[in-house]
Amino acid sequence: MTSENLLDVRDLTIAFRTPRGYVEAVRGVDFVIRRGEVMSLVGESGSGKSVTMRALMGLLPETTRISGSARFLGQELIQKSGRGVHGLRGARMSMIFQDPMTALNPVMAIGAQVAEAIRIHNRSISRQEVRDRAVKLLRDVAIPFPEQRFDQYPHQFSGGMRQRVVIAMAIANRPDLIIADEPTTALDVTVQAQILELLRNLCAEYHVGLALITHDLGVVAGMAQSISVMYAGAIVERGSVEEVFYNPSHPYTRGLLGALPHLTGRIERLVDIGGNPPTIFALPEGCAFSPRCAFVQPRCRVERPLLRQVRSAYAACHFAETLPAYPVQEMQA
Amino acid sequence: MTDLSGTDLTQPPSPDAQPDAPLLSVRRLVKEYPGASGFWGTGRQNPIRAVADVSFDIHRGETLGLVGESGCGKSTLAKCILGLVDVTSGDVTLDGVNLVGLAEEDMRLQRRKLQVVFQDPSASLHPRMRVAEIVSEPLRLLGMSGAQRMARARELITLVRLNQEHLERFPHQLSGGQRQRVGIARALAVSPRVILLDEPVSALDVSIQAGVLNLLGDLQQTLQLSYLFVAHNLSTVRHVCQRVAVMYLGKIVEVAPRDELFSRPRHPYTHALLSAVPLPDPKRDRARERIVLQGDPPSPANPPNGCYFRTRCWKATEICAKSEPQLVRHGDVSYACHHPLVDEVGD
């Protein structure tokens, strides 16, 4: 695996225009995605994980204020419009959405939609060639009878099959980076397993980088190499999956892991973090997690902690080193 | 808990009920929906059997989990038990009374013993009613006075660990977790014996789920409630249920005590379902053997002959197409399979 940085995001800040003025939904986010790596962005609803990725894809309203830097294949994506960046989006980087029904056009045949994704970035190839390539893509994502399925419409496909079509469109131009926003959340667990396996194989085969946005820590554990945990618009912990799952440094990450019911091991009372995530309109002073934190100190309420190195990972907590030792969970079935 | 209502809400169960008898008993329940027909009323398709001959019991103070994928009929089954849809055939017996075919007036009385908490609290709470009204409305239907209702609402709001000031709020002024607590308080208002929990935490964020699940567990202990916990998340089910029933295409394919089901699944579908759940533990998740089922569940309008699962089952043989396996009891465990996984599946 090469360690080439595919995407390098620095100090990304995103503010939306609202009737109450500009409000920051994402504050100073940094991360890197390498070629062939699955990087997972984890957080609860409203944490800013989807907004971050949509900004990179240029999908936010024009009134949005975006600052910071995001270099993709050496090109700056932020504060730059025009053809250069448009050509990258969709071709060199593509996106898979949560709900395949809204991502697909209901009145357009499946094959035509896949063909469109090919043709839009490659206008010179012949009609027959486009069709052949679209059929091959449908076969690559394991859609049975792709020739027959080519002329069918989205309503004739099951949820899992629709998501396969969306994935086929996302890989149509052999991208270097795929952004998947909750790709399996709308699917049943046995279908989720199929789609995750498909994504895992595609990443290995095409050697692409995958940015996986999810709220499901189970999906992260099985898919990702690195993880960034977001809370109230900022990354609170970042590191390798092993480090963050087995030795979390931020109280919020610990809370999230403790709140999960497990499929194996001893059944214990779940950790109830208590309270609710803050809204971006009224962020608390200091650390955004301080009102819910079990280890809160006076300093946390006044000084906002920055992401800094803690052991082999990064955490935004003033007291990451002095937290009680993280109990190693019983993992015997 | 004191009974402020002055009515018989917290009376012990009817004396003629046997102590060992199940509190809620479902027998051979079938729910069919008419099949779709063509535009001119021609070409009518087979009726859809959303629930196909389902039987189970829930005992006092017990939580039975009902799991399955979308379209397996678990929500329809819940609606049948609540009397929200008419059942095609079968019986639902609550505390010795058969609810099927009960007159509306009698059903209303029985519903005091059987309440429901829905998945999406923002859809199931009236947006223009204050929490106090929402929680006490069931009591108004029982003819309780305003002062009594208010006192009970205060008691209920404490029970679900909200504050008195929440009583004056509207649902939109509450967070998702708080709203679901209001939904639970409303279900508790009439002191039911059984609560049907239909995906009670699936709409909530992880850090909020834990609080609601812990609350449900504590309420069960203090109020000796029985739960039917309908869910698709197996980890959650394992955490709260003593017994678990697995549904596939309208049928129960396996029922077993929790630890038995999770460590030694007998039905291949149960095994596949468990193996598909991602584990929030990187090393274990990557190390384990995965069974990835091929294809999608068949349509309930046109189920396969024989065993419904055979089209996706890796153990299927000729007999599975010829004869439909029945749900048979083997000790604590019941399963409907010609080729159960007994010794091969270790833990």
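User: Before we start, what makes a residue buried here?

Analyst: A residue is buried if 20 or more other C-beta atoms lie within 10 Å of its own, exposed if 12 or fewer, and partly exposed in between, with C-beta atoms placed from the backbone. Keep in mind that this is a predicted model, where local features need pLDDT of at least 70, side-chain atom pairs count only at pLDDT 80 or more, and totals for chains, interfaces and linings use all residues. Residues are numbered from 1 along each chain as its sequence is written, while chains are lettered from A and ligands numbered from 1 in the order in which they are written.

User: Thanks! Why is Y252(A) called buried?

Analyst: Y252(A) has 28 C-beta neighbours inside 10 Å, so it counts as buried. This tyrosine is found in helix 11 (residues 251–259) of chain A; helices (H or I, at least four residues) and strands (E, at least two) are DSSP runs, numbered from the N terminus.

User: And what does Y252(A) touch, leaving out residues up to four places away in sequence?

Analyst: V229(A), Y231(A), V236(A) and F289(A). Touching, or contact, requires C-beta atoms, placed from the backbone, within 7 Å.

User: Which residues are buried in helix 4 of chain B?

Analyst: In helix 4 (residues 131–141) of chain B they are V131(B), A132(B), I134(B), V135(B), S136(B), P138(B) and L139(B). These buried residues pack against helix 5 (146–159) and helix 6 (176–188) of chain B. After helix 4 of chain B comes G143(B), with a positive phi near 80°.

User: How do you know that chain A is as compact as a globular protein of that length?

Analyst: Chain A holds eleven helices and twelve strands. Its radius of gyration is 21 Å, close to the 20 Å that the globule rule gives for 333 residues, so chain A is as compact as a globular protein of that length. The radius is taken over C-alpha atoms, and the rule is 2.2 Å times the number of residues to the power 0.38.

User: What makes up the side of domain 1 of chain A that touches domain 2 of chain A?

Analyst: Chain A is divided into domain 1 (5–224) and domain 2 (231–322), with bounds from an automatic or database domain assignment. Between them, 18 residues of domain 1 of chain A contact 14 residues of domain 2 of chain A. Strand 2 (21–34) and helix 9 (217–223) of chain A each give two or more residues to that side of domain 1. Strand 2 of chain A gives the most, with eight residues.

Methods:
Two residues are in contact if their C-beta atoms, placed from the backbone, lie within 7 Å.
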